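The exercises below are meant to be worked through with the sequence and the model side by side. Try each task before reading the solution that follows it.

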Amino acid sequence: MTENRKPESRLDFDLAEQRSLAAMVDASLRRGSGLSIALSDATVGVSLDKLGDWTITVGLSSRSERFQQSISSLERLGFFQATENEGSVYMLWTSLLSEVGDARIAEQILLQALKALQAPTVSLYIR
């Protein structure tokens, strides 16, 4: 078996980048607003409603090599499948269903989701 790794962009979050992400979320989100992050095979949306509830939505292409891996990782973080549309599956996490509505928890879930979506995959095949 041969290992086939294709180059891909990855987000490696060190402490400074984690703080940068938290600062971006803090600066961008006010009650009643949202922000969107585009990745190579996923989109991530974060919103803070007028009542202070956080929602993180992840849209995954079902054609992605990491589709099943991403779904499993997001489910472990507390995401659930909300809907499917035109070859994309949308996963949802909301503080409304979480026991903790703290903004820092939402930021940590966002960071962990971004890490999970950028986790490397190794394709194994026989030549």
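Of the 127 residues in the chain, 37% are buried, where buried means under 20% relative accessible area, exposed over 50%, and partly exposed in between (1.4 Å probe, protein chains only). The model is predicted, and local features need pLDDT of at least 70, side-chain atom pairs count only at pLDDT 80 or more, and totals for chains, interfaces and linings use all residues. Residues are numbered from 1 along each chain as its sequence is written, and side-chain values use heavy atoms, with hydrogens and water left out.

**Exercise 1. Determine how many helices and strands the chain has, and in which order the strands of the open sheet lie.**

Solution. Begin with the elements: the chain has three helices and seven strands, these being DSSP runs numbered from the N terminus (H or I, at least four residues, for helices; E, at least two, for strands). Along the sequence they follow the pattern β-α-β-β-β-α-β-β-α-β. Next, arrange the sheet, counting two strands as paired if DSSP finds at least two bridges between them: five strands form an open sheet in the order S2-S3-S4-S6-S5, with antiparallel pairing. S2 and strand S5 (80-85) are the edge strands, each of which pairs on one side only. From one strand to the next, the twist averages 20 degrees. Finally, place the helix: H2 packs on the sheet and touches S4 and S6, its direction making about 165 degrees with that of S4, where axes are lines fitted to C-alpha atoms, for helices over the stretch in contact, and angles run from 0 to 180 degrees between N-to-C directions.

**Exercise 2. Follow S6 and identify how many bridges join this strand to S4 and to S5.**

Solution. On one hand, seven bridges join S4 to S6, and the two run antiparallel; within this pairing, Ser61 has Ser88 in S6 as its bridge partner. On the other hand, S5 and S6 are joined by five bridges and also run antiparallel. Here Gln81 stands opposite Met91, while Glu84 has Val89 as its bridge partner. The hairpin of S5 and S6 has two residues between the strands, and in this hairpin Glu86 takes a positive phi near 45 degrees. As for cover, six of the seven residues of S6 are buried.

**Exercise 3. Is Thr94 buried or exposed, and what does its side chain approach?**

Solution. Thr94 is found in strand S6, and it counts as buried because its relative accessibility is 12%. Its side chain has a polar atom 3.1 Å from the backbone oxygen of Trp54, and a polar atom of the Thr94 side chain also lies 3.2 Å from the backbone nitrogen of Leu96. Leaving aside residues up to four places away in sequence, Thr94 touches Trp54 and Thr55, a contact being heavy atoms within 4.5 Å.

Key:
A polar contact is a pair of N or O atoms within 3.5 Å; within protein, one must be able to donate a hydrogen and the other to accept it, and residues adjacent in sequence count only if both atoms are side-chain atoms.
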